[in-house]
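I opened my notebook to write down what I looked up in this structure. The entries follow in the order I made them.

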Amino acid sequence: MNKFELTNETTTTASGVTLYRIKAIRDFGNVKAGELGGFVEKIENLSMEGDCWVGGDALVGGNAKVEGNALVGENAWVRGNAWVCENAKVGGCARVSGNATVCENALVCGNAWVRGNVRVSGDARVSGDARVRENAWVGGNVWIGGNAWVCGDAKVRENAWVGGN
């Protein structure tokens, strides 16, 4: 059974793509029937299964997918072939794009950017103005913040903390 529908309210990205505000049509998770959500380019961007949701003024477009119990909210953008799943959260003004995966209990927030063939997983937190890009992998109980960049084929895991400039 469907959990949301597209409304007639739209927004257009700088590249000319039209996205549609969503509206819950039944209760699920913390979302109530009638509640307005964020914007998606197409129904396939947000799974009808699980308690996943796009809220606030968040944008999900391209072939990006939000699944499981994942939440994308506030003014976040998820696009390209990005995948936000399980219990992950993307919020603030964060950007997730390319083939990036944000999964498990990971959080991407603030003005952080996650793009490329990146994986952010476990209980990892990427926040502030941090950048995780290219083929990097961030997982475990990791915090990436401040103006830090994790890029190339870097792997940050376990209980690491990367911050500052």
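Which residues is Ser47 in contact with, leaving aside its neighbours within four places in sequence? I found Lys3, Phe4, Cys52, Lys65, Val66 and Glu67. Contact here means heavy atoms within 4.5 Å.

**Ground rules**

I noted that this is a predicted model, where local features need pLDDT of at least 70 and side-chain atom pairs count only at pLDDT 80 or more, while totals for chains, interfaces and linings use all residues. Residues are numbered from 1 along each chain as its sequence is written, and side-chain values use heavy atoms, with hydrogens and water left out.

**Ser47, continued**

I placed Ser47 in the loop between strand E3 (36–40) and E4. Strands are DSSP runs of E with at least two residues, and helices are runs of H or I with at least four, numbered from the N terminus. Is Ser47 buried or exposed? Ser47 counts as buried because its relative accessibility is 11%. The cut-offs are under 20% relative accessible area for buried, over 50% for exposed, and partly exposed in between (1.4 Å probe, protein chains only).

**The whole protein**

I looked up the secondary structure next. The protein has 22 strands and zero helices. Its C-alpha trace spans about 45 × 30 × 20 Å along the principal axes. I then checked the radius of gyration, taken over C-alpha atoms; the globule rule is 2.2 Å times the number of residues to the power 0.38. A compact globule of 165 residues would come near 15 Å, and the protein has 15 Å, so the two agree.

Of the 165 residues, 42% count as buried. I also looked at contacts between residues at least 6 apart in sequence: 8% of them join residues at least 24 apart.

**Charges**

I looked up the 17 positive and 18 negative charges, and their mean positions are 3 Å apart. Lys and Arg count as positive, Asp and Glu as negative; His and the chain ends are not counted. Each charge is placed at NZ of Lys, CZ of Arg, CG of Asp or CD of Glu.

**The core**

Which residues touch the most other members of the largest nonpolar core? They are Val72, Val90 and Ile144, in a core of 44 residues. Strand E2 (18–24) and strand E4 (53–54) are the elements that give two or more residues to this core. A nonpolar core is a set of buried Ala, Val, Leu, Ile, Met, Phe, Trp, Tyr and Cys residues joined through side-chain atoms within 4.5 Å.

Beyond four places in sequence, Val72 touches residues including Trp53, Val54, Val66 and Val90.

**Val17**

Val17 is in the loop between strand E1 (4–12) and E2. I read 27% relative accessibility, so Val17 counts as partly exposed. Apart from neighbours within four places, Val17 is in contact with Thr11, Thr12 and Glu41. The C-alpha atoms of Val17 and Val72 are separated by 19 Å.

**Two glutamates**

Phi of Glu74 is near 60°, a positive value in a residue other than glycine. Glu74 lies in the loop between strand E7 (71–72) and strand E8 (77–78). Phi of Glu104 is near 60° too. Glu104 is in the loop between strand E12 (101–102) and strand E13 (107–108).

**Cys151**

My last entry is Cys151, in the loop between strand E20 (149–150) and strand E21 (155–156). Cys151 is partly exposed because its relative accessible area is 31%. Beyond four places in sequence, Cys151 touches Arg133, Glu134 and Ala136.
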